[in-house]
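Subject: Handing over the structure

Hello,

Here is the structure I promised to pass on to you. Please have a look at it first, and then read on for my notes.

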Amino acid sequence: MRRDVPPPDGPGTPPRLSVVGTGYLGTTYAACYAELGHRVTGLDTDPVKIAALAAGEVPFHEPGLAELVRRGLDAGRLSFTTDPAHAAAGAEAHLICVGTPQRADGTGADLGQVAAAVRALAPHLHGRTLVVGKSTVPVGTAEWVERLLRKHAPDDADPEVAWCPEFLQEGRAVEDVLRPDRIVVGARGSWARETLARVHRGVYRLAAHEGRDVPTVETDFATAELVKSAANAFLATKISFINAMAELCEATGADVAGLAEALGHDDRIGPRFLRAGVGFGGGCLPKDIRALQARAHQLGAGAAVRFLHEVDLINQRRRERVLQLAGELLDCVAGPNGPELSGTRIAVLGAAFKPDSDDVRDAPALAVARLLHGAGARVRVYDPLGRDNARRTHPELGYADGLEQACTGADLVCVLTEWQEFRDADPAALARVVNGRIVIDGRNCLDRYAWNAAGWTYRGLGWKEAA
Ligand code: UGA
């Protein structure tokens with residue numbers, strides 16, 4: 001993280017903020033905006049989380065964030081509470097940063113936390129205040145929040161709503177909040193837009209200080225809500241596109257790595273998000289493409305995003321491909337349900353949905369580990385940061401505390417999250433501890449020639465071993 005955030009100065013005090021929901025999104029916003037000079041109170045219903053944050057401890061991994069939280073607390077600009085009245089007191093703008101997970105009964109987004117946040121906050125609003133939605137939501141949520149506020153706020157309150165989606169990526173969330181590549185403002189009136197300009201002033205000042213621009217798109221509610229879903233749908237589609245090409249490469253003998261490199265040189269396509277492998281996971285892309293389909297369907301426009309179903313299927317197929325490959329490489333009997341792997345030991349390297357994260361939500365690595373386990377293999381998972389979360393959510397799998405421990409005695413090693421530790425692993429040293437020198441590189445992140453040279457049978461995703 002770069003550190004040259006200019007001190008807050010200039011005319012006017014930055015608006016005081018409350019941030020509702022102190023998960024990934026809310027904690028990062030609260031800490032970054034305190035760093036930019038705002039007084040910020042983070043509100044959450046979870047007293048354990050709030051106590052940890054108030055003590056300067058961030059209960060998840062995000063580079064640079066704990067340092068900012070502690071700095072904000074020490075400066076007296078950042079505080080955390082479970083009391084909505086305390087959070088709301090004196091705040092000009094309230095940032096709604098709660099989760100919108102996939103509904104347990106379907107593919108749409110569960111807006112229960114948004115409703116609860118608004119209901120908790122509304123009775124404590126007085127005078128003119130701005131309620132800013134940042135959570136990823138289906139189109140129509142901002143208008144619904146307006147109605148909820150009208151219902152629950154006292155007579156002397158005059159709350160306005162704006163929607164300002166966030167685009168932060170785990171692992172670089174602090175940078176993405178302090179130095180966003182764009183700001184999207186969905187608002188109805190000039191007061192809301194002016195207030196938001198004051199909320200974002202620190203971000204604009206930092207950009208000016210560094211000679212950058214922050215493109216700002218002012219728009220209506222529906223567009224602001226849809227921008228976020230569309231952005232994630234596009235990224236998911238790009239990944240599934242290259243993974244569909246990987247399937248073709250496997251059928252034709254072409255190599256997806258070379259294909260992606262050649263495609264990426266075209267400026268109109270670009271090289272990012274073209275890494276083929278076990279596909280996308282995490283708390284955002286998978287649920288967001290499903291929520292977008294569900295909402296489009298409700299609005300009678302389901303056909304427009306039907307392709308996202310295919311994007312999802314391609315993504316799921318990559319996970320199953322590892323199971324199939326494991327069966328082939330271990331010479332196991334396969335039936336209509338796939339291979340039967342009993343009697344085999346498999347090391348799964350990776351549990352987090354991407355490297356430098358401890359987040360295991362819908363992680364492809366864990367999904368594959370579960371498929372292998374379900375097929376009868378004895379699976380041992382190792383992940384540098386994600387193993388505790390993985391242990392909690394999937395206690396049925398075996399776990400190791402180190403790379404070598406995971407591989408010891410394994411008949412097959414599957415690399416499913418591209419941690420630097422795995423890229424740097426010495427194939428000759430690992431060859432000495434395994435039972436079978438077979439590796440599936442589910443992220444195409446290893447040097448296949450080095451692994452072959454150390455006596456391994458190496459298989460990546462998206463190319464065919466020459467006969
Ligand atoms: C994603 C978006 O990138 C952010 O812009 C967005 O703000 C965020 O969701 C959100 O909705 O809050 P994130 O979930 O942190 O961010 O993860 P990404 O970096 O997008 O990666 C998602 C998945 O795609 C990972 O499992 C990753 O391994 C996979 N991926 C990524 C690939 O398989 N291939 C690639 O080329 C790139």
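This is a predicted model: local features need pLDDT of at least 70, side-chain atom pairs count only at pLDDT 80 or more; totals for chains, interfaces and linings use all residues.

Where the two meet, 25 residues of domain 1 are in contact with 24 residues of domain 2. On the domain 1 side of that contact, α6 (141–152) and β7 (183–187) each supply at least two residues. By class, this side of domain 1 is made up of 13 nonpolar, 10 polar and 2 charged residues.

Next, the ligand. Which residues come nearest to the ligand? Of the 20 residues around it, they are Glu170, Arg275, Phe280, Gly282 and Cys284. Both domains take part, as domain 1 and domain 2 each give at least three residues to the shell around the ligand. Sorted by class, that shell holds 10 nonpolar, 7 polar and 3 charged residues. Helix α10 (residues 221–252) provides the largest share of the shell, with 3 residues.

With 32 residues, α10 reaches 46 Å from its first C-alpha to its last, close to the 46 Å expected at 1.5 Å a residue. There is a bend in α10 of about 25 degrees at Val227. After α10 comes Gly253, which has a positive phi, near 90 degrees.

Finally, have a look at the open sheet of 6 strands, which runs in the order β13-β12-β11-β14-β15-β16 with parallel pairing. The edges are taken by β13 (398–399) and β16 (457–460); each has a single partner strand, so one side of each is left without a neighbour in the sheet. Within the sheet, strand β11 (residues 345–349) pairs with strand β12 (residues 378–382) in the parallel sense over 5 bridges.

Do write back with any questions.

Best wishes

Technical notes
Residues are numbered from 1 along each chain as its sequence is written. A residue is near a molecule or strand if its C-beta atom, placed from the backbone, lies within 6 Å of it. Helices (H or I, at least four residues) and strands (E, at least two) are DSSP runs, numbered from the N terminus. Ala, Val, Leu, Ile, Met, Phe, Trp, Tyr, Cys and Pro count as nonpolar, Asp, Glu, Lys and Arg as charged, and the others, Gly among them, as polar. Domain bounds come from an automatic or database domain assignment. Two residues are in contact if their C-beta atoms, placed from the backbone, lie within 7 Å. The expected span of a helix is 1.5 Å times one less than its number of residues. The bend at a residue is the angle between axes fitted to the seven residues ending there and the seven starting there. Two strands pair if DSSP finds at least two bridges between them.
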